[in-house]
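Have a look at the model, then read through the points below.

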Amino acid sequence: MTPPRQHWKIGEVAEELGTTTRTLRFYEEQGLLRPARTDRGTRMYSDRDRQRARLILELAGLGVSLEEIRALVAAREASRTGDEAGHKVHGLLRRLHDETAALKARCEALMGEIEAADRLVRRCYDCPHPPTASGCPECPARNGQEEAELLKLVWREEPDP
């Protein structure tokens with residue numbers, strides 16, 4: 001039986017995580033990752049390094065700033081006692097929670113908007129009229145723009161003749 005791998009090169013980790021080696025190097029420059037190095041300088045990522053990179057990418061992808069991620073990464077090391085570290089980490093996690101809850105609410109509102117717009121647009125199925133104000137004056141997508149503002153991106157008013 002082959003023993004499990006202990007370390008991976010930066011290219012392997014980047015491919016696994018769907019990112020670039022430049023992104024991983026940037027995170028290292030920012031102090032967010034610290035992979036081991038061989039005598040020749042090759043970065044070698046442990047399982048823990050790979051997990052940290054995945055978490056950083058996930059947080060950044062959700063809009064968490066690198067400053068906030070950096071604060072979380074550094075909180076324990078910058079503390080003199082466990083009590084101080086616990087309070088720092090708690091405060092950072094609380095803020096992250098609140099920001100995530102606000103983002104969730106915005107996403108849920110957008111999903112409702114998308115669903116309302118989609119209901120109206122589906123009423124245009126099988127419509128034989130041109131998708132213009134003069135071609136289809138009763139167009140549900142055009143007339144439903146107040147119900148689903150997202151349709152204002154789809155429907156462009158025709159200039160007055």
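1. Start with the loop that links α5 (82-122) to α6 (140-143): Asp-126 sits in it. Keep in mind that this is a predicted model. Asp-126 has a phi of about 65 degrees, a positive value, even though the residue is not a glycine.

2. Is Asp-126 buried or exposed? Its relative accessibility is 81%, and the cut-off for exposed is over 50%, so Asp-126 counts as exposed.

3. Now zoom out to the whole fold. The protein chain has three strands and seven helices. Reading from the N terminus, the order is β-α-α-β-β-α-α-α-α-α. The chain is more spread out than a compact globule, because its radius of gyration is 25 Å, well over the 15 Å that the globule rule gives for 161 residues.

4. For the overall dimensions, picture a box of roughly 75 × 40 × 40 Å along the principal axes, filled by the C-alpha atoms of the protein chain.

5. What about the inside and the surface? Of the 161 residues in the protein chain, 25% are buried. The chain exposes about 11800 Å², and 54% of that comes from carbon and sulfur atoms.

6. On contacts, take those in the protein chain between residues at least 6 apart in sequence: 46% of them join residues at least 24 apart.

7. Last, the charges. The protein chain carries 28 negative and 26 positive side chains. The centres of these two sets lie 9 Å apart.

Definitions and conventions. Residues are numbered from 1 along each chain as its sequence is written. This is a predicted model: local features need pLDDT of at least 70, side-chain atom pairs count only at pLDDT 80 or more; totals for chains, interfaces and linings use all residues. Side-chain values use heavy atoms; hydrogens and water are left out. Helices (H or I, at least four residues) and strands (E, at least two) are DSSP runs, numbered from the N terminus. The radius of gyration is taken over C-alpha atoms; the globule rule is 2.2 Å times the number of residues to the power 0.38. Buried means under 20% relative accessible area, exposed over 50%, partly exposed in between (1.4 Å probe, protein chains only). Contact means heavy atoms within 4.5 Å. Accessible areas come from the Shrake-Rupley method with a 1.4 Å probe; for residues, only the protein chains shown count as cover. Lys and Arg count as positive and Asp and Glu as negative; His and the chain ends are not counted. The place of a charge is taken as NZ of Lys, CZ of Arg, CG of Asp or CD of Glu.
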